[in-house]
Amino acid sequence: MANRAAGKGYENEDNYDNIRFKFIGIENIHVMRSSLQKLLEVCEMKSPSMSDFLTGLENSGWLRHIKAVMDAGVFLAKAVREEKASVLVHCSDGWDRTAQVCSLAGLLLDPFYRTFKGFMVLIEKEWIAMGHKFSHRCGHLDGDPKEVSPVFTQFVECVWQLMQQFPCSFEFNERFLLEIHDHVYSCQFGNFLGTCHKEREDLRFWCGMYNRFDKGMHPKQCVLDHLLSCMSQKVQLEEDASELENKLPFLDGPLPGEAPSFPKAGHAAPSTPQDYGGAAPPVLSNGTSPGAVGSAVDQKHKENLSHHHQDLGASREVSAGNAQHQ
């Protein structure tokens, strides 16, 4: 009711036609934070029995929350794939549960997101670009501890659960997930700093924190790896350039370095076989040839220029005479 009164996480059905309104039972960040704390306490028990471990796991509610997020992602994927429906998804603010559900649905719908590159694009699109508050949720800076919550950790857990069921559908394994999750908290890369794009732009100082010899490289990026990557790109560009050069002879028209040839002014371009046989130039209706017409035009133009220069000389002499008279 509080969210509905504040206009958060709720849509008025009167504003839409032919819709199906569905609430998903995903708890808020405070419940998730408490659940993770209980799970950690269970994992830190010394020599627990299997019964005690399973009881503690059940009491933490962690797997129940994971199931709620996955159910929402599956519901969204089915609505898009099977019902061909357009779906509007948002939580109270739009950067926590919305990111979880939409990214999971994208992972289920599009196999591209299950590749190395696609999974990174998915995180960039649904989490980083959409403004997930990594600094607040991961506790990067000294702030309100009530803002810390394992939202992204739950997403990684959901992906891992899918990988356990469909291991051949993913290009990567759990090591890739652990590597990404570690660097979300390590702050070694600027992707997960701040809460929005503007804050990451303002925090550009991180570029030279670990690699002071080359600020254009990522922090702690190996120089040798960067060099090998540049050399690989160079080889690829050279191969592309060579392939394009081989295609040039098959292109129509002059090459970029060659000037096209046009017929001279006053001469008609050959258009029939007779024009190439040394035949006499065509005669116009008044009995003159095109070459003669061109010569007459040039002669007339020279005469006009000569008269123009004579008029200019006369005007200068008159001006000079008036100056002397004064």
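First, a term I keep using: a residue is buried when its relative accessible area is under 20%, exposed when over 50%, and partly exposed in between, with a 1.4 Å probe and protein chains only. I am working with a predicted model, where local features need pLDDT of at least 70 and side-chain atom pairs count only at pLDDT 80 or more, while totals for chains, interfaces and linings use all residues. Residues are numbered from 1 along each chain as its sequence is written, and side-chain values use heavy atoms, with hydrogens and water left out.

**Entry: the whole chain.** I looked up the secondary structure and got twelve helices and zero strands. Helices here are DSSP runs (H or I, at least four residues), strands are E runs of at least two, and numbering starts at the N terminus. Of the 326 residues, 25% count as buried. I also checked contacts, meaning heavy atoms within 4.5 Å. Among those between residues at least 6 apart in sequence, 60% join residues at least 24 apart.

**Entry: helix H3.** This helix covers residues 50-60, and I found Gly-56, Leu-57 and Ser-60 buried in it. They sit on the same side of H3, because they cover an arc of only 100° around the axis. That arc is taken from the directions from the helix axis to the C-beta atoms. Glu-58 and Asn-59, on the other side of H3, are exposed. What do the buried residues of H3 pack against? They pack against helix H2 (29-43) and helix H4 (62-81). After H3 comes Gly-61, with a positive phi near 75°.

**Entry: Ser-60.** I went back to this one in H3. Ser-60 has 4% relative accessibility, so it counts as buried. A polar atom of its side chain lies 2.7 Å from the backbone oxygen of Leu-57. For a polar contact, I need a pair of N or O atoms within 3.5 Å; within protein, one must be able to donate a hydrogen and the other to accept it, and residues adjacent in sequence count only if both atoms are side-chain atoms. Not counting residues up to four places away in sequence, Ser-60 touches Ser-35, Lys-38 and Leu-39.

**Entry: two positive phi values.** Most residues other than glycine have a negative phi. Asn-18 is not a glycine, yet its phi is positive, about 55°. I found Asn-18 in the loop between helix H1 (2-6) and H2, and it counts as exposed at 82% relative accessibility. Lys-84 also has a positive phi, near 55°. Its place is the loop between H4 and helix H5 (97-109). Is Lys-84 buried or exposed? At 65% relative accessibility, Lys-84 counts as exposed.

**Entry: Arg-114.** I found Arg-114 in the loop between H5 and helix H6 (116-128). Arg-114 is buried, with a relative accessible area of 16%. Its side chain reaches the backbone oxygen of Leu-107 at 2.6 Å. Arg-114 and Ser-169 are 55 residues apart in sequence, but 7.1 Å apart in space, C-alpha to C-alpha. Leaving aside neighbours within four places in sequence, Arg-114 has contacts that include Leu-108, Phe-170 and Phe-172.

**Entry: helix H8.** I checked the length of H8 (residues 151-165): its 15 residues should span 21 Å at 1.5 Å a residue, and the end C-alpha atoms are 22 Å apart, which agrees. The expected span is 1.5 Å times one less than the number of residues. Buried residues of H8 include Phe-152, Cys-158 and Met-163. Among the elements covering the buried residues of H8 are H2, H6 and helix H9 (174-186).
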